[in-house]
Amino acid sequence: MERVHTTDPEGWLMAPDKQWTMRFHRDQKSWNRFPFFFMDKGRAMPDGSPALLKSRRYLAKYDALELWIHLQENGWSTVDPQWGADLDP
């Protein structure tokens, strides 16, 4: 397994069992003074209905990066956007 080295943990990771996806994205309002990230946990619905969002965490950049690396070391893989405005029509 190859770990993606990054300084910004921004993007999408999917669990090895493909049940859950985590989306890491910047909090633009905090970015200039103290960078924070949102981490949304959810899954796309197979019938195309809105995604099931299970939880949201608010993490300092360092903590988000540690979690991003930890998840990849435990089999989570980067994937294309799974829900929301990031999807191409």
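**Aromatic pairs and ring contacts in a predicted model**

Phe-34 is partly exposed, with a relative accessible area of 47%; partly exposed lies between buried (under 20%) and exposed (over 50%), with a 1.4 Å probe and protein chains only. This is a predicted model in which local features need pLDDT of at least 70 and side-chain atom pairs count only at pLDDT 80 or more, while totals for chains, interfaces and linings use all residues. Residues are numbered from 1 along each chain as its sequence is written, and side-chain values use heavy atoms, leaving out hydrogens and water.

**Fold**
- The chain has one helix and five strands, in the order β-β-β-β-α-β from the N terminus; these are DSSP runs, with helices (H or I) of at least four residues and strands (E) of at least two.
- Of the 89 residues in the chain, 35% are buried.

**Aromatic pairs**
- The whole structure holds six aromatic pairs, meaning rings of Phe, Tyr or Trp (its six-membered ring) with centres within 6.5 Å; planes under 30 degrees apart are stacked, over 60 edge-to-face, and the rest tilted.
- Phe-24 and Trp-68 are edge-to-face because their ring centres lie 5.1 Å apart with the planes at 85°.
- This pair links strand E2 (residues 21-26), which holds Phe-24, to helix H1 (residues 61-73), which holds Trp-68, across 44 residues.
- Both Phe-24 and Trp-68 are buried.
- Phe-34 and Phe-36 also pair edge-to-face, at 5.2 Å between centres and 65° between planes.
- Phe-34, Phe-36, Phe-38 and Tyr-58 form a cluster linked by ring pairs.

**Charges over rings**
- The charged end of Lys-41 sits over the ring of Trp-20, 5.0 Å from its centre; the cut-offs are NZ of Lys or CZ of Arg within 6 Å of the ring centre and within 35 degrees of the ring normal.
- Arg-56 lies over the face of Phe-38, 4.5 Å from the ring centre.
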